[in-house]
Amino acid sequence: MINLALLRAFRRSPIDFLDLLVARGANVEPLRVGPERVLLLDDPGQVWELLTAHARRTQKGRGLVRARLLLGDGLLTSEGEVHLRQRRALQAAFHPQQIAGYLGSFAAAARRAADRWSDGGEIDLVGEMSALTLDGVGTALFGSDLHGSTPQITQALADLLAGFRLAMAPAGVVLLRTPLPAARRVHRAKAELENVVDDLVRHRTRQPAGSATVLDLLRSQPELTDRQIRDQAMTLLLAGHETTAMALTWALAAIDQAPVVRAELENEWDAQAKEQAPDRTHATLPSATLPLTTAVLAETLRLWPPSWMFSRRAMEPLTLGERSVPAGIMCLISPALLHRDPRWWAEPDRFRPQRWLRSEPGLPDRFDAKAPGQPRGAFLPFGAGPRMCIGEQFAWSEAAIMLAELGRRWRIHLTTTPLRPGPSSMTLRPKAPVPATTSRRDVA
């Protein structure tokens with residue numbers, strides 16, 4: 001009955017699933033879930049120790065193992081030395097100087113989205129943010145305009161994410177090989193995305209001029225096969241747009257419910273626009289130029305982390321603080337739980353971006369990731385240790401620039417509030433669609 005109850009809770013929403021895990025005592029003693037014994041780590045110190053000091057004594061958990069069925073052997077799903085080589089091969093694309101060169105692409109993508117909207121128009125917020133971030137990633141990472149194929153790509157990516165729920169089900173590996181409608185949609189989506197990536201590679205081969213892209217980095221690695229290049233590109237295409245799209249969706253929903261925060265943000269956005277006029281060139285990472293915007297995103301990632309849960313399997317007995325973890329245990333780490341724990345956060349369920357700002361007399365506020373005073377391991381929107389998300393600074397910059405560009409011209413008003421998580425997936429997605437209206441700002 002425990003397995004069935006957990007399966008139903010997982011299908012309903014991540015929050016229901018996590019609440020039931022806690023109610024069953026999975027944070028105290030390992031809990032039998034099908035063939036696995038799982039332990040939910042809710043102590044930041046133990047989580048940090050597992051992800052850093054014991055990183056080489058663990059392997060990726062069930063979710064990433066199953067994700068390999070969908071994404072192949074890319075950076076997200078690879079292990080050990082293979083993962084390390086792949087990470088090194090891609091590192092240059094995510095260097096701060098390289099990211100600074102992407103800022104113009106992020107801003108241009110946001111302006112293209114803003115140009116499509118109309119005063120009083122209706123949009124699906126999830127669809128719009130997915131299309132926006134896909135546009136930004138296509139230009140920045142792949143040097144290609146994906147705008148014309150955006151509807152097909154975003155739908156294929158959504159179908160692939162939905163396939164994660166099927167892959168995580170009991171006998172999910174077998175189910176994906178059946179003629180079930182859900183399985184067929186997953187295979188169609190995977191084939192369509194592989195065709196998109198193949199087209200990107202062919203386009204880059206024919207037109208290699210311009211600044212280097214991720215595809216150039218991958219193609220410069222002689223040990224990588226065409227299949228491995230495709231798997232890496234698939235992973236980056238999904239991870240590079242999905243998590244940021246969800247962060248923007250939750251952020252805009254929160255801003256809509258916080259008029260004081262919205263007013264302060266609009267002041268920041270308008271002031272920055274005047275400072276960078278007339279060429280509107282973005283050259284400095286937004287954590288310095290848009291501190292409140294960055295704080296809003298940090299608070300969004302705290303309350304609604306796109307990567308709401310991940311896991312590591314102990315390959316040998318481990319000691320985490322005073323806790324002993326036997327070999328074979330699947331350790332669950334949930335940013336969604338850690339980020340709202342009242343032991344580490346004041347008013348944990350309240351949207352309070354100011355908690356991330358440092359104020360000093362005579363100086364403007366500045367963003368500080370340590371300002372809330374949380375212990376190490378209590379805020380993990382991008383993980384930690386050697387498997388920490390390689391695109392963290394890319395995501396922060398993309399989201400901040402896009403939020404500011406959209407907010408200078410438009411206000412987003414949700415039709416239905418509050419926004420709630422939908423069925424469990426690889427990311428924390430709201431129940432879709434999310435209807436909203438666009439209201440043009442009267443800016444002098």
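Is Arg227 buried, exposed or partly exposed? This tour of a predicted model starts at that residue.

Stop 1: Select Arg227. Its relative accessibility is 38%, so Arg227 counts as partly exposed. Glu194 counts as buried because its relative accessibility is 13%.

**Stop 2: another salt bridge.** Select Asp256 and Arg262, whose side chains meet in a salt bridge (3.1 Å, N to O). Asp256 is buried, at a relative accessible area of 13%, and Arg262 is buried too, at 10%. Then select Lys190, Glu194, Asp198, Arg227, Arg230 and Asp231: salt bridges with shared partners join these residues into one network.

Stop 3: Across the whole structure, a search finds 28 salt bridges. One to select is Glu405 with Arg111, whose side chains meet at 3.4 Å, N to O. Glu405 belongs to helix H17 (residues 392-409) and Arg111 to helix H6 (residues 96-116), and the two are 294 residues apart. Glu405 is buried at 2% relative accessibility, whereas Arg111 is partly exposed, with a relative accessible area of 24%.

Stop 4: Return to Phe394 and show its surroundings: leaving aside neighbours within four places in sequence, its contacts are Phe94, Ile99, Tyr102, Phe106, Val137, Ala140, Leu141 and Gly240.

**Stop 5: helix H2.** Select residues 14-23, which form helix H2, and colour Pro14, Phe17, Leu18, Leu20 and Leu21, which are buried. Look down the axis of H2: the buried residues fall within an arc of 160 degrees, so they line one face of the helix. After H2 comes Gly25, with a positive phi near 80 degrees.

**Stop 6: a loop.** Finish at Ser144, in the loop between helix H7 (125-142) and helix H8 (150-168). Ser144 counts as buried because its relative accessibility is 8%. Not counting residues up to four places away in sequence, Ser144 touches Gly138, Thr139, Leu200 and His203.

Definitions and conventions: Residues are numbered from 1 along each chain as its sequence is written. This is a predicted model: local features need pLDDT of at least 70, side-chain atom pairs count only at pLDDT 80 or more; totals for chains, interfaces and linings use all residues. Side-chain values use heavy atoms; hydrogens and water are left out. Buried means under 20% relative accessible area, exposed over 50%, partly exposed in between (1.4 Å probe, protein chains only). Helices (H or I, at least four residues) and strands (E, at least two) are DSSP runs, numbered from the N terminus. The arc is that of the directions from the helix axis to the C-beta atoms. Contact means heavy atoms within 4.5 Å. A salt bridge is a side-chain nitrogen of Lys or Arg within 4 Å of a carboxyl oxygen of Asp or Glu.
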